[in-house]
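Please read the following report alongside the sequence and the coordinates.

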Amino acid sequence: MDHRKIFLAFAIIFTFLYLPAQASWKLQELARGSNALLVEMDLLLAHKKTGCKLDAASVSQLSQNLRMLVDTRATELKDNKEQIVSLLKTCKKDCTCDTYEYALEKITESETFSTTTKLSAEQRQTCAKKLPPFCQSRLFKAIK
Amino acid sequence: MKKIIKCVAAVGLCVLMLGSLYSCMSVTSKSDTSALPREPQQVVSENDSKKAEATFKSLMNNPNDGERSRAVANFLNRQRDFYFIAHGMLNEFDTELDRLITLQKQKVLTATDLEKFEQLSFQMRIAWEFSERNMHELLDIYELALYQANDTTAEYHRASGWIVDNIREWLKDGAKKGDSSATISLAQKLDDVNLEVRAAIQKTGKKVIRIPSYKNIYAVSAEALKTAHAQSLKFSQARKQTLVETFIGKEWLQHKKERDLEMAEELKNWSDSTRKPQALDTLYPDAGGPGHVTGNRFPENTWAITLDDGPHPTHTEGMFQVLNNAKMSGTFFWQTKNLKLYPNISAQAKSFGFNRASHSYTHANLPKLSQASLNHEINDAFDDFEKVVSAQPTLFRCPYGACGSMGSNIRQMIAARNALHIAWNVDTLDWQDKNPQSIFERTRKQIDIRKRGIILLHDIHPQSVVALKLITDYLRQQAYLVKPLPEIIGAVREKSFGSP
C-alpha cells in the first residue's frame, strides 16, 4: 500500500472518529456558558456594560439554544449519571451547580440531587470573571 | 519503526486537515478580504488562518524589509482605525440606550424614539461584528509576524522583528490620537497572542527571541480606566462621518425597505380574493407574521403568564395554587407525552379555568426532524391532546422557540392545525437558575421595560413555583393586568379567540 492510500484510509477513519468528538460538548463547558448567559442578561437589565453586547431577546434565544445542547448532553449521560454527580462536588467554584442539577432532574426525573445553592447575580459575575470571555468562546459561536 | 512514524505523521496531518475543515464548516467564514462588512449576519472566523497567511504574504511581497514592514504597519493602522470606528459606534449605542432608559422611566418614550432605537440596534449589531472581524484580522497578522520574528531562519524574520519592536509605540500612538479605551482592550488581546506564541515556541524547545509584553498598557488603575473611557466618549463624539457609517446607513435603508416590502407582501395577501373572512384579523393561524404572537402588541400594562413543559406531578399543581391564590390566569403549554401520563392534572387546570395548549409531543428540536418525526411532534401531539382534553389546542409553542423562519414547513403545519404560534417577550431563564429571587429580579426588570406581553416560565422546576409567587405579587402591586392569553388575543384582533 503506497503512502497516498495510507493517507486516504486515515482520512476516512478520522472523518468518522474526529467529527462526532468535536460535535459533543462537555457538560461543564455548557454549565459555564449557562452562567455566563445569566450574567449577560443580569448586567444588561442592570444597565451595566455587558460582554457580548446582546439585547434581551438575543440572550433569550441563546439560552434556548444552549438548553438544547444541555438536554442533548444530559441524554447522552443518562446511563452515566455518576459523572454528573461527581461534578456537583466542585460546582460551587464556577457557579455551575444549577445546570448539573437541571441535567440530573431531566434524566432521573427526581430532585434528590439538589445542592440548594442559590446564587446571587454578583456571585455569578465573580465566577464569570474568572473564566475567559464567553462571547469569544467556541460555545458562544455555536449557539449564536 | 519507520512505518509507524509515517503512520503517526499521516494521522496527525489528517487530524489537522479535518480539524480545520470542521472549524471552517462550524462558523460562517468570509472569503473576501475587504474591510467593509457586506452583510450584517456575517461573522468573522477566528480560525481562518489561511486567509491571514495569504494577507501576510501579500503584504510581504515587497522588494525589501523596509517596505515590507511599512506595508504591514499600514495594514495594522487601517485595521486599528476600523476597530476604533466600530468602538465609537458601540459607545454611541450605549449613550443612546442610557438616554432612552431615562425616557422610559419618565414614561415619555415616543414612537420616534423607538424607531431611532431600532436603527441604533441595527447599527450596533453591524459595528460589533465589524469590530470583531477587524480585530481578529489584526491579531492574526500580528501572530504571524511574531512567529517570524522569533525564527531566525524564517523568510521575513528581519522585517517582522521591526514590526514587533514598533508595536508598543504604535499602541501609544493609537491611544493618543484615537480611542484610549479601545487601545487598552487591544493591548490586552495582543498580549494574549504574546502568551500563546511564547507557550507554543517553548513547547517546541526553541529559544524565544522577541516577545514583548503590553501589561503596563492595559493593567492600569480603575481611575486610569475611567479617564480612558471618558476620553473614548469624547473621541466618539468628535469623530467625523466615515465610509463605514455611510455603508451602514445604506444597509439600514435597505433593511427598512425590506421590512416595508414584507409589510407590502402581507397587505397583498390580505387583499387576495381567495382568503377567508378571517383575513381581516390581525392575528390568525398563518405560517407568516399574523400567526406569530410575541406579546409586543398587547394593550399597555397587560400580561399573559405562560408555563411550559409539564404537566409535572407536583410543580404544576404548585403553579395552580399560586395563580389561583393571586386570582390570575395562566396558559400551560404541555408536552402531549406528559399530558397522557397526568390527565387528572389537565382536568384540574380546567376546573381552575386555566388554558391548556400544546408544546409538541416530546419537546424535540423541530427544525432537525424528518417529516415523519415532525408529523408525530405536531399532528400526533394535537390528536392525542384532543383525546385527553376533549378539544383541539389552538395555541402552540415550539420547543426551544425553534420553528424555523416565517413561512417554514413547521409554521405551515401549525397553521394547518388552525393554531397560533406563541412566542414570549419576557424570559425568566428559570430553567438555568435555581434562585427564585434572582429569577424574580430578572423578570421584574423586563416587565418594567416591556410594559406588556408574554412571560415565559416552566412548570417542571421547584424554583419556578416560588418565583411565580414573587412575580404575581409584583404584578398585583404594580397594578398590571394579568389576563388569559386567548382573551388578550381576542382583544388585539377584535374578534373572540377560543382555547381549551
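## Packing around A:L66

Leaving aside neighbours within four places in sequence, A:L66 is in contact with A:L30, A:G33, A:S34, A:L37, A:L139 and A:I143 of its own chain, and with B:W431 of chain B. The model is a predicted one, and the contacts described here should be read with that in mind.

A:L66 also belongs to the largest nonpolar core, which has 51 residues, and together with A:L27, A:I84, A:F134 and A:F140 it is among the residues that touch the most other members. Elements of both chains give two or more residues to this core: from chain A they are α2 (27–45), α3 (56–76), α5 (97–108) and α7 (138–143), and from chain B they are α3 (65–105), α4 (111–149) and α9 (243–270). The most is given by α2(A), which supplies nine residues.

## A buried aspartate in chain A

A:D98 is found in helix α5 of chain A. Is this residue buried or exposed? With a relative accessible area of 3%, which is under the 20% limit, A:D98 is buried.

The side chain of A:D98 is joined to that of A:R124 by a polar contact of 2.6 Å. When residues up to four places away in sequence are not counted, A:D98 touches A:T117 and A:R124 in chain A, as well as B:Q432, B:D433 and B:K434 in chain B.

Chain B contains 17 helices and nine strands, and buried residues make up 52% of its 500 residues. Of the contacts in chain B between residues at least 6 apart in sequence, 77% join residues at least 24 apart.

Strand β3 (residues 331–334) of chain B runs parallel to β4(B), and four bridges join the two; B:T331, for instance, has B:N355 as its bridge partner in β4(B). In a regular strand, side chains alternate between the two faces of the sheet. Strand β4 (residues 355–358) of chain B is covered on both faces, with B:N355 and B:A357 buried on one side and B:R356 and B:S358 buried on the other.

## Aromatic rings in chain B

Over all chains, the structure holds 13 aromatic pairs. One of them is formed by B:F320 and B:F332, whose ring centres are 5.2 Å apart and whose planes stand at 80°, so the pair is edge-to-face. B:F320 lies in helix α10 (residues 315–325) of chain B and B:F332 in strand β3 of chain B, so that the pair links distant parts of the chain, 12 residues apart. Both B:F320 and B:F332 are buried.

B:F320 forms a further pair with B:F352, and this one is tilted, with 5.6 Å from centre to centre and 50° between the planes. Because B:F320 lies in helix α10 of chain B and B:F352 in helix α12 (residues 343–352) of chain B, this pair ties together parts that are 32 residues apart in sequence. B:F320 counts as buried at 0% relative accessibility, whereas B:F352, at 25%, counts as partly exposed. Ring pairs link B:F320, B:F332, B:W334, B:F352 and B:F354 into a cluster.

A charged residue also sits over a ring in this chain: B:R397 lies over the face of B:F333, at 4.5 Å from the ring centre.

Key:
Residues numbered from 1 in each chain as written. Chains lettered and ligands numbered in written order. Predicted model: local features only at pLDDT ≥ 70, side-chain atom pairs only at ≥ 80, totals over all residues. Heavy atoms only, no water. Core = buried A, V, L, I, M, F, W, Y, C linked by side-chain atoms within 4.5 Å. Buried < 20%, exposed > 50% of the residue type's maximum accessible area, 1.4 Å probe, protein only. Contact = heavy atoms within 4.5 Å. Polar contact = N/O pair within 3.5 Å; in protein donor to acceptor, adjacent residues only side chain to side chain. Pairing = 2+ DSSP bridges. Phe/Tyr/Trp six-rings, centres within 6.5 Å; stacked < 30°, edge-to-face > 60°. Lys NZ or Arg CZ within 6 Å of the ring centre and 35° of its normal.
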